[in-house]
Amino acid sequence: MTSDESHGQSTEAGESTATGVRQSTQVAIIGAGPAGLLLGHILGQAGIDYRILEARDKDYVLGRIRAGVLEQDSVDLLGKYGLDADLKTNGLTHHGIYLQHEGERHHIDFAELTGRTVTVYGQQALVHHLVAEHERLGSQLIFEATDVQPTKIESAQIDGERASVAYTAPNGERITLDCDYIIGADGYHGVCRRTFPEGTLEVAERVYDFAWLGILADVAPSTDDLIYALHRDGFAMHSMRSTTVSRLYLQVSPDDDIANWSDERIWEALQTRLGTEGWTLTEGPITEKSILPMRSFVVSTLNYGRLYLVGDAGHIVPPTGAKGLNSAIADVALLAEALQAHYAGDDTGLEQYSDKALDRQWKVQHFSQWMTDMLHVHPADGSAEQSAFDFQRQLGQIRYVTSSHAAQVSLAEQYAGLPFVDAR
């Protein structure tokens, strides 16, 4: 019996030691965002024992407002594991997007071009559903697990040694959780990436010189599909969360203050940037508004020893191409398959996980940056001529995309989602 097999069941009561309680599981997942929650469900259905540790309290996790567009493969994956009940009820299937410039609006029909669609379904709703399912199943989902410290991650495949995670439980008890693998699903600011030894991880990053001001408004959407608009004043976008709630964005400076943006000013800017002849943007009460910085970020590897990264812990994309949540789900699909293969005796998937996930991620980064650069006004570095050139170049790019069948197929293929990668 291997070390992994001998520790297949979680020891909930644990063994008391001089430094606290020692417990055991197969996979320790750090972070209860959509990636960690989804991975737990998939592993649980495969009979693999896991525990999810989340530093924040449950209300905070359920209240986070994030992305809202699911690729076709993300929808299919949730359906495969029976996690799409709420999605079927509340998700909004969209067949394409609109690209807009100079008051002209063009529809890119994904279904017609590629036979695939996307679904508008807020990440907040997905997290609510995944948490509710974990609670129904009695999963080991621990909120307010603080001072988390992954340890012994370098001991992979060495004399049966295992990794471990030390954390403080909500009752103040210090627990050491022995495990076969640690999954870092704890986001950009999490502890797992920082656990990699010095010199083992390189970072590629781009920080954008613009941001999004995002709002939620209690008003029915004024469009059937998402609108992406390039305007001389800056980018604007009309999305939605449901048939009664709209999600809209404006390009602003990253150092802007949300206090500078009254509801009246926001609606005026949206009317200007999204306006077209014969179309009306319906206004309503704004219930949430915030400024979202934008960056691209990718690490050189998603694996060190028994520690694996998924989602924002290893990569971040600007939100323009709707790839953040979907990238995390793609990582989870690949890693979950690799872990299942490992416990069946095949480590190929785990060995190849980082390379395969990053190969897909860099394609996603390319598309996200392409969309972002095409649709945002780039701040001029003191040259009116340069600014005018950039804007006219962007108009030329959008005119090409909206008039070329081949360009539209490429956009539709990437927006609706590149295939998830097989772990074998």
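Helices (H or I, at least four residues) and strands (E, at least two) are DSSP runs, numbered from the N terminus. This is a predicted model, in which local features need pLDDT of at least 70, side-chain atom pairs count only at pLDDT 80 or more, and totals for chains, interfaces and linings use all residues. Residues are numbered from 1 along each chain as its sequence is written, and side-chain values use heavy atoms, with hydrogens and water left out.

View 1. Picture its C-alpha atoms in a box of roughly 70 × 45 × 40 Å along the principal axes. Of the 424 residues, 55% are buried (under 20% relative accessible area; exposed is over 50% and partly exposed lies in between, with a 1.4 Å probe and protein chains only).

**View 2. Here is helix H10, residues 324–343.** Just after H10 comes Gly345, with a positive phi of about 105°.

**View 3. Ala322 sits in the loop between strand S24 (315–316) and H10.** Is this residue buried or exposed? At 18% relative accessibility, Ala322 counts as buried. Its phi is positive, about 60°, although Ala322 is not a glycine. Most residues other than glycine have a negative phi.

**View 4. Lys152 lies in the loop between strand S11 (146–151) and strand S12 (163–168).** Lys152 is another residue other than glycine with a positive phi, near 55°. With 35% relative accessibility, Lys152 counts as partly exposed.

**View 5. Leu83 is found in the loop between helix H4 (72–80) and helix H5 (85–90).** Leu83 has 3% relative accessibility and so counts as buried. Which residues does Leu83 touch, not counting those up to four places away in sequence? Its contacts (heavy atoms within 4.5 Å) are Leu38, His41, Leu78, His129, Leu130 and Glu133. Leu38 is 45 residues from Leu83 in sequence, yet their C-alpha atoms are 8.8 Å apart in space.

How values were computed:
The expected span of a helix is 1.5 Å times one less than its number of residues.
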